[in-house]
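The model goes here before the entries.

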Amino acid sequence: MSVQAEGVETPLRKGLRTQVALAARALSLGGHDDFNQGQVSARAPGSDQFAIKAALQGFDECTPDDVVWASTDPARPPDPMAPPELPLHQAIYAARPDVNAIVHSHAPYTLVFGASDLELRPISHDGAFLTGRAGRFTDSSNTILDIEMGEQVALALGDDPCVLLRNHGGVVVGKSVRHATVYAYLLERACQLQLMAESALTEYHTSSWPDVVGKREFIYADLSIRSYWEYCVRRVRRTWPEAARW
């Protein structure tokens with residue numbers, strides 16, 4: 001299956017580029033900005049190509065025109081504007097056929113949490129969704145520039161929805177752009193709230209396992225994720241009215 005036909009714009013290609021741009025703006029509003037660093041990408045299920053935010057644009061300024069195409073095959077020459085961490089996305093897509101969107105950012109609370117040895121606990125709804133589901137990559141804190149290191153990150157990710165990169169932020173994946181974007185919000189908020197609880201210098205409570213299961217089944221069901229994504233899109237369009245034309 002191919003979503004690209006020698007540069008011809010198709011409805012599917014246009015839709016994926018638009019979703020990536022909307023996700024980038026939503027991530028900006030969620031506190032994931034770090035100059036022009038970080039990426040969000042999306043592929044159609046079963047495709048060998050994916051759309052990814054270009055290297056020079058920040059999350060807060062990304063438009064569909066700032067999204068380029070890449071192949072999951074690392075041997076293929078990349079677009080000149082593809083981001084340096086393209087191998088990270090290529091390795092994860094190769095390892096996870098169920099993944100159709102990836103977010104990598106340097107969100108501050110995620111980065112600080114990943115610099116610690118804390119395990120995510122179900123303090124909040126967000127933490128309930130992610131507890132026991134956040135891997136850790138500790139081999140390096142550098143930029144992921146080659147496919148070998150990308151494969152090690154994919155190995156640390158395993159079957160989880162996210163992996164914390166030691167002193168480097170996080171990687172979040174999902175079966176769609178909306179899932180990956182919402183999960184990135186959840187990870188940053190879960191890390192923030194737990195760091196707040198840890199700094200309170202007192203014991204704190206967490207959700208019981210039955211409550212964790214219940215929250216996952218109701219608060220983060222697919223229909224709920226869709227509603228959270230639609231909220232994010234509305235917020236983007238309120239903040240940047242030009243996004244309504246995409």
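Entry 1, a helix pair. I looked up helix 1 (residues 11-29) and helix 6 (residues 177-199) and found a packing angle of about 10 degrees, with the axes 10 Å apart. Helix 1 and helix 6 are therefore roughly parallel to each other, a label given to angles under 35 degrees, while over 145 is roughly antiparallel, 65 to 115 roughly perpendicular and the rest oblique. I note that axes are lines fitted to C-alpha atoms, for helices over the stretch in contact, and that angles run from 0 to 180 degrees between N-to-C directions. Helices (H or I, at least four residues) and strands (E, at least two) are DSSP runs, numbered from the N terminus.

The source. This is a predicted model, in which local features need pLDDT of at least 70 and side-chain atom pairs count only at pLDDT 80 or more, while totals for chains, interfaces and linings use all residues. Residues are numbered from 1 along each chain as its sequence is written, and side-chain values use heavy atoms, with hydrogens and water left out.

Which residues of helix 1 and helix 6 meet? I listed Gln19, Ala23, Ala26, Leu27 and Leu29 from helix 1, against Val177, Thr181, Ala184 and Tyr185 from helix 6; contact means heavy atoms within 4.5 Å. I sorted the residues of this contact into seven nonpolar, two polar and no charged. Here Ala, Val, Leu, Ile, Met, Phe, Trp, Tyr, Cys and Pro count as nonpolar, Asp, Glu, Lys and Arg as charged, and the others, Gly among them, as polar.

I found helix 6 and helix 8 (residues 222-239) packed at about 80 degrees, with their axes 9 Å apart. That makes helix 6 roughly perpendicular to helix 8. On the helix 6 side the contact includes Arg178, His179 and Tyr183, and on the helix 8 side it includes Asp222, Ile225 and Trp229. By class I have eight nonpolar, two polar and four charged residues for the contact of helix 6 with helix 8.

I then took helix 1 with helix 8, whose axes come within 9 Å and cross at roughly 80 degrees. Helix 1 and helix 8 are therefore roughly perpendicular to each other. Among the residues in contact are Leu22 and Arg25 of helix 1 and Val233 and Arg237 of helix 8. The residues of this contact divide into eight nonpolar, two polar and three charged.

What follows helix 1? I found Gly31, with a positive phi near 90 degrees. Helix 6 is followed by Leu201, whose phi is positive, near 60 degrees.

I found one cavity of 30 Å³ or more in the structure. The lining of the largest cavity includes His32, Val103, Thr110, Gly169 and Leu187. Strand 4 (101-105), strand 7 (169-174) and helix 6 are the elements that give two or more residues to this lining. Strand 7 gives the most, with three residues. A cavity is a set of points on a 1 Å grid over the protein atoms alone where a 1.4 Å probe fits but cannot get out, and lining residues have an atom within 4 Å of a point.

Definitions and conventions. 1 Å grid on protein atoms, 1.4 Å probe; cavity = no way out; pocket = protein on both sides within 12 Å on 5 of 7 lines; lining within 4 Å. Points joined across faces, edges and corners; volume = space filled by probe spheres on them.
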